[in-house]
Amino acid sequence: MPVAASAIYFLNLRGDVLINRLYRDDVGGNMVDAFRTHIMQTKELGICPVRQIGGCSFFYMRISNVYIVIVVSSNANVSCAFKFVVEAVALFKSYFGGAFDEDAIRNNFVLIYELLDEIMDFGYPQNLSPEILKLYITQEGVRSPFSSKPADKPVPNATLQVTGAVGWRREGLAYKKNEVFLDIVESVNLLMSSKGSVLRCDVTGKVLMKCFLSGMPDLKLGLNDKIGLEKESQIKSRPTKSGKTIELDDVTFHQCVNLTRFNSEKTVSFVPPDGEFELMKYRITEGVNLPFRVLPTIKELGRTRMEVNVKVKSVFGAKMFALGVVVKVPVPKQTAKTSFQVTSGRAKYNPAIDCLVWKIRKFPGQTEPTLSAEVELISTITEKKSWTRPPIQMEFQVPMFTASGLRVRFLKVWERSGYNTVEWVRYITKAGSYEIRC
């Protein structure tokens, strides 16, 4: 269900209406009085951004010293409403030189009314791209004297953008060296029991791109996902030799991706924006390759001593290595003294977080460094309470490794002029929530 807004109001902190726009006749012009009486004057602004008063719903958000209130009389998508507010504020800032406050609104009444007529039609959100709107709403806003942001440059040769065909890229781009950089960045989320069984494990990843390409190129990205390979083999009428395949869950794409072609052919085809952007996000829950195995042993020797032994094994290839590995082993709050023996890296006790912190700057693959520590505790007179052991936490970054097994099979660039391109692909795996109970 879209927003279907009946009205939008811009109020200052006192509740005075700075500017408003009625899109439908199903609400009265005095609806803002209900907002003042039932929300602002009762000091309930910080409780919930969505309120129902009578037969209407109020969605409101504070930006600087301005409240933006959307009034709807029917069921509406709240997330879409707040997304519209955020994008609208970004649009206003681009016209006002980076500022959005009460003074900016008072200085730009005419421009704001013109923009409100373009970005919402009969209560339904429309195009909010500053690059496109500035092509036919050329009036410049009154810039704040405190804004140091330079004015945006006009977009040349953008007839294609006005039609909405490729609104995220302008024509006429030219580079001496045409390059495409592609990064696959994954975060591993793991929760393991003290007995070594995996309680929860998944990978969240994103494909980041940086394009410096001339003209209006058409890119095609091929991954080793199971559905895409099966579709490709059906089109080619022969099996595809691809090795390991993976199943992607919860995939979301940038607006540049041709979804019609993806649904029919399961290929990621797109005309990329210029510069850096996020092409897609995904999640994987099956077949995760954990980069590390942690084997902890913690023994409580009476009331004043503990022995801690932790072995960390890197599962990835011997020619690879991890960077910035940090292992945090929790200890009781009454820890008084610690002594360490490590086969790699450095370790110390951090009383601020009640952990033994073991750091390894460069962790080669197929190795098993160990940490051995003796912990002395302060003896207390009161009855000892059982220590609830928090999980061991890890931080790391493994270049050229993906826990999901995702791989780029091909990245093709086609452009009418037929220039040569250079493609760079990089893989990075990081720790999201990597916890092992001990």
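Helices (H or I, at least four residues) and strands (E, at least two) are DSSP runs, numbered from the N terminus. The model is predicted, so that local features need pLDDT of at least 70 and side-chain atom pairs count only at pLDDT 80 or more, while totals for chains, interfaces and linings use all residues. Residues are numbered from 1 along each chain as its sequence is written, and side-chain values use heavy atoms, with hydrogens and water left out.

View 1. Q397 lies in strand β21. At 30% relative accessibility, Q397 is classed as partly exposed (buried means under 20% relative accessible area, exposed over 50%, partly exposed in between; 1.4 Å probe, protein chains only). Apart from neighbours within four places in sequence, Q397 contacts A322, L323, I428, T429 and K430, where contact means heavy atoms within 4.5 Å. The C-alpha atoms of Q397 and V185 are 10.0 Å apart, although 212 residues separate the two in sequence.

**View 2. The two faces of strand β21 and its partner strands.** Strands are taken to pair if DSSP finds at least two bridges between them. β21 runs antiparallel to strand β16 (residues 321-330), to which four bridges join it; K328 has Q393 of β21 as its bridge partner. Six bridges link β21 to strand β23 (residues 422-436), also in antiparallel orientation, and V398 has T429 of β23 as its bridge partner.

**View 3. The hairpin of strands β3 and β4.** Strands β3 (residues 50-53) and β4 (residues 56-63) run antiparallel and are joined by four bridges. I53 stands opposite C56 of β4. Two residues lie between the strands of this hairpin, and G54 in the turn has a positive phi of about 65°.

**View 4. The open sheet β12-β10-β22.** Three strands with antiparallel pairing form an open sheet in the order β12-β10-β22. β12 (268-270) and β22 (408-414) are the edge strands, each with a single partner strand, so one side of each lacks a neighbour in the sheet. From one strand to the next the twist averages 10° (axes are lines fitted to C-alpha atoms, for helices over the stretch in contact, and angles run from 0 to 180 degrees between N-to-C directions). Strand β10 (residues 218-223) and β12 run antiparallel and share three bridges, with S269 of β12 as the bridge partner of K220.

**View 5. The nonpolar cores.** A nonpolar core is a set of buried Ala, Val, Leu, Ile, Met, Phe, Trp, Tyr and Cys residues joined through side-chain atoms within 4.5 Å. The largest core contains 62 residues, and M209, F270, L279 and F292 have the most contacts inside it. Strand β8 (residues 179-192) supplies the largest share of this core, six residues. A second, separate core of 35 residues includes F10, V66, V89 and F96. Beyond four places in sequence, the residues that M209 touches include V180, F181, L182, L219, F270 and L411.

**View 6. The whole chain, for orientation.** The chain contains eight helices and 23 strands. Of its 438 residues, 41% are buried. Among contacts with a separation of 6 or more, 70% are between residues 24 or more positions apart.
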